[in-house]
Amino acid sequence: MDQDDFFTNLLNKFRKIVNDYDFLNENISIAGTVLTNEEAIGHPTRKDYPLLTGKERLMQAEFKGFRGQAFTDMPGLFSGTISSIIEKEPENNWERAVLISTVNAVCAYLGVTDRTVHCKNNEPEECAKGLVDYVKKHFGNPKIALIGLQPSMLESLASFFSVRNLDLDKDKIGKIKFGIEIEDGEAKLNEVLDWCDIIIATGSTCTNGSIVHYLHKKPVLFYGTTISGVAALMNLPRFCLCAQ
């Protein structure tokens, strides 16, 4: 599946929901706001999360009192109708973040998905420990391709499993974290996916469009809030332990 196919399918599913509930006719407004670090993640003890190092920001859409979020490296403000968001396929990371945060907020309101608001303070550490237990229970002792540098998850997973970590951030590639080299998410993609038994991928692969690289390859598990509504609509497995 290429990127266009994925977002075409996602948009078709979301458009059906919007039409079924007459949200288009009600001219519902979605306001997207870019959260501060404190609003997004609180005050965690560790300071190496992408939100705190300036590489990503968390956009938030609000719909009828429900919130939906999306990580993106292209943050920006948006205010408009659902109709204006779904009239065409997104063409860049900002447009994908607007769409995905909106999908998450609407799906949360309808009860289609849950845990759409990022966990805070030291909850990411708790989530990472829970991920280790989840992998042991469902996959045994696999070789893991971790997509995206999520420090607490990498540290926890690397303590129990053989892990290779891919990332697209040029400033991170080549660095050693918890004994694991951060590898180039483009140049090493095929090699690492051939090597691994399972893929554990950040939900922000939705906003940068790279999600299509991880579908139908190996067993895949997406993590986080960004993919909450998308996972529900597209029937993708998701792990998110501590989000609201």
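This briefing covers the sheet, the cysteines and the salt bridges of the structure above. The model is predicted: local features need pLDDT of at least 70, side-chain atom pairs count only at pLDDT 80 or more, and totals for chains, interfaces and linings use all residues. Residues are numbered from 1 along each chain as its sequence is written, and side-chain values use heavy atoms, with hydrogens and water left out.

**Sheet**
- An open sheet of 7 strands runs in the order β7-β8-β6-β5-β9-β10-β11, with mixed pairing.
- β7 (176-177) and β11 (238-239) are the edges; each has a single partner strand, so one side of each lacks a neighbour in the sheet.
- Strands are DSSP runs (E, at least two residues), and helices are runs of H or I with at least four, numbered from the N terminus.
- Two strands pair if DSSP finds at least two bridges between them.
- β5 (residues 143-147) and β9 (residues 198-202) run parallel, joined by 4 bridges.
- Leu146 has Ile200 in β9 as its bridge partner.

**Cysteines**
- There are 0 disulfides (cysteine sulfur atoms within 2.5 Å).
- Cys196 is buried at 2% relative accessible area (buried is under 20%, exposed over 50%, partly exposed in between; 1.4 Å probe, protein chains only).
- Cys240 is also buried, at 8%.

**Salt bridges**
- The structure holds 8 salt bridges (a side-chain nitrogen of Lys or Arg within 4 Å of a carboxyl oxygen of Asp or Glu).
- Glu191 pairs with Arg164, closest N and O atoms 2.7 Å apart.
- That pair links helix α7 (residues 189-195) to strand β6 (residues 162-167), 27 residues apart.
- Arg164 is buried at 16%; Glu191 is partly exposed at 42%.
- Salt bridges link Arg164, Glu183, Lys188 and Glu191 in a network.
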